[in-house]
Amino acid sequence: MSDVLVEKRGTTAWVTLHRPQALNALSLAVNMRLSELESELEHDEEVRAIVITGSGEKCFCAGADLKERKGIPATESASFINAIGSAINDLGAMRKPTIAMMNGSAYGGGLELAMACDFRIAVEGSELGLTEVRLGIMPGAGGTQRLPRLVGEARAKELIMLGRRIPVARALEIGLVHQVVPRAQLRAAVEGLLAELAGCAPLSVIHAKSAIERGYGLPLERALEIERECYDVTLFSHDRDEGLAAFAEGRPPRYEGR
């Protein structure tokens with residue numbers, strides 16, 4: 001059986017890291033498969049949202065597969081580092097909304113994978129951490145850049161430079177995750193978010209995401225120009241006409257993503 005499972009239900013693709021015996025660690029094969037899937041799903045017109053989760057109840061993802069890397073000289077590790085970086089960065093670059101359904105704890109590259117998603121819903125009792133400095137390395141798949149953008153520079157330095165693990169309740173307080181729920185309610189919480197997304201025009205969601213990400217950190221004048229560029233795409237779209245018509249007729253809109 002594959003280490004990465006994918007199931008398409010409706011307009012959602014559910015991607016599962018399926019290595020429970022290895023705490024869903026990101027092996028070279030897993031990272032390469034994730035990159036392939038991300039490209040496939042990005043261009044699949046039937047898919048409007050992607051959920052990433054892990055097998056089992058203990059760990060969403062323990063990070064890079066350190067057992068696989070053991071004994072490999074640093075000079076020969078480029079393929080492993082490039083693979084995990086590509087998988088996570090490709091996920092972060094997807095136009096469609098992405099959700100991390102965090103069924104357990106997430107460390108190192110596992111947390112970097114979750115941070116590359118747009119939304120993070122986590123199960124109670126888990127913990128999160130970028131603990132690489134305690135292993136003689138540092139986050140190298142986006143952690144030093146994405147974490148400060150989510151929680152601020154000061155908290156990011158505290159978590160990364162000290163290699164701290166924090167309970168998910170604390171992660172919610174600082175904005176690292178969006179929601180924390182009991183295990184029995186995890187899937188329902190994700191499906192509720194998907195239902196909200198389904199009520200929004202897909203093209204609008206894509207371009208709103210693009211405006212946020214492209215404009216973040218830029219001077220306001222340039223960021224507003226980017227917003228207008230994205231807005232104009234939606235202004236002349238079929239979905240915009242459908243949204244107005246549905247509002248006038250008092251019915252749910254039937255968006256087509258164009």
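**Close-up views of a predicted model**

**View 1. Strands β2 and β3 pair side by side.** Strand β2 (residues 12-17) runs parallel to strand β3 (residues 49-54), and six bridges link them. Thr12 stands opposite Ala49 in β3. Two strands pair if DSSP finds at least two bridges between them. Strands are DSSP runs of E with at least two residues, helices are runs of H or I with at least four, and both are numbered from the N terminus. This is a predicted model, in which local features need pLDDT of at least 70 and side-chain atom pairs count only at pLDDT 80 or more, while totals for chains, interfaces and linings use all residues. Residues are numbered from 1 along each chain as its sequence is written, and side-chain values use heavy atoms, with hydrogens and water left out.

**View 2. Six strands form an open sheet.** The strand order is β1-β2-β3-β5-β7-β10, with mixed pairing. The edges are β1 (4-9) and β10 (179-181), and each pairs on one side only. From one strand to the next, the twist averages 20°. Axes here are lines fitted to C-alpha atoms, for helices over the stretch in contact, and angles run from 0 to 180 degrees between N-to-C directions.

**View 3. Strand β7 and its partners, β5 and β10.** Is β7 enclosed or open? Four of the five residues of β7 (residues 119-123) are buried, so the strand is largely enclosed by the rest of the structure. Buried means under 20% relative accessible area, exposed means over 50%, and partly exposed lies in between (1.4 Å probe, protein chains only). Strand β5 (residues 98-102) pairs with β7 in the parallel sense over four bridges. Ala100 has Arg120 in β7 as its bridge partner. β7 also pairs with β10 in the parallel sense, over three bridges. There, Ile121 is bridged to Gln179 in β10.

**View 4. A second open sheet has four strands, in the order β4-β6-β8-β9.** Its pairing is mixed. β4 (59-61) and β9 (165-167) stand at the edges with a single partner strand each, so one side of each has no neighbour in the sheet. Neighbouring strands are turned by 25° against each other on average, direction ignored. Strands β6 (residues 105-107) and β8 (residues 127-129) run parallel and are joined by two bridges. Ala106 has Leu128 in β8 as its bridge partner.

**View 5. Leu23 and Asn24 have positive phi in the loop between β2 and α1.** Most residues other than glycine have a negative phi. The phi of Leu23 is near 55°. Asn24 has a phi of about 55°, and it is not a glycine either. Leu23 is partly exposed, at 32%.

View 6. In α5 (residues 143-151), Gly143, Arg146, Leu147 and Val151 are buried. An α-helix has 3.6 residues a turn, so residues three or four places apart point the same way. The buried residues of α5 pack against α3 (78-92), α4 (109-115) and α6. Gly152 follows α5 and has a positive phi, near 95°.

**View 7. Helices α9 and α10 are roughly antiparallel.** The axes of α9 (residues 202-215) and α10 (residues 220-235) come within 9 Å and cross at roughly 170°. Angles under 35 degrees count as roughly parallel, over 145 as roughly antiparallel, 65 to 115 as roughly perpendicular and the rest as oblique. Residues of α9 in the contact include Leu203, His207 and Arg214, and those of α10 include Ile226, Glu229 and Val233. Contact means heavy atoms within 4.5 Å. By class, the contact has six nonpolar, five polar and four charged residues. Ala, Val, Leu, Ile, Met, Phe, Trp, Tyr, Cys and Pro count as nonpolar, Asp, Glu, Lys and Arg as charged, and the others, Gly among them, as polar.

**View 8. Met161 lies in helix α6 (residues 153-161).** Met161 is exposed, with a relative accessible area of 59%. Not counting residues up to four places away in sequence, Met161 touches Val133 and Ala156.
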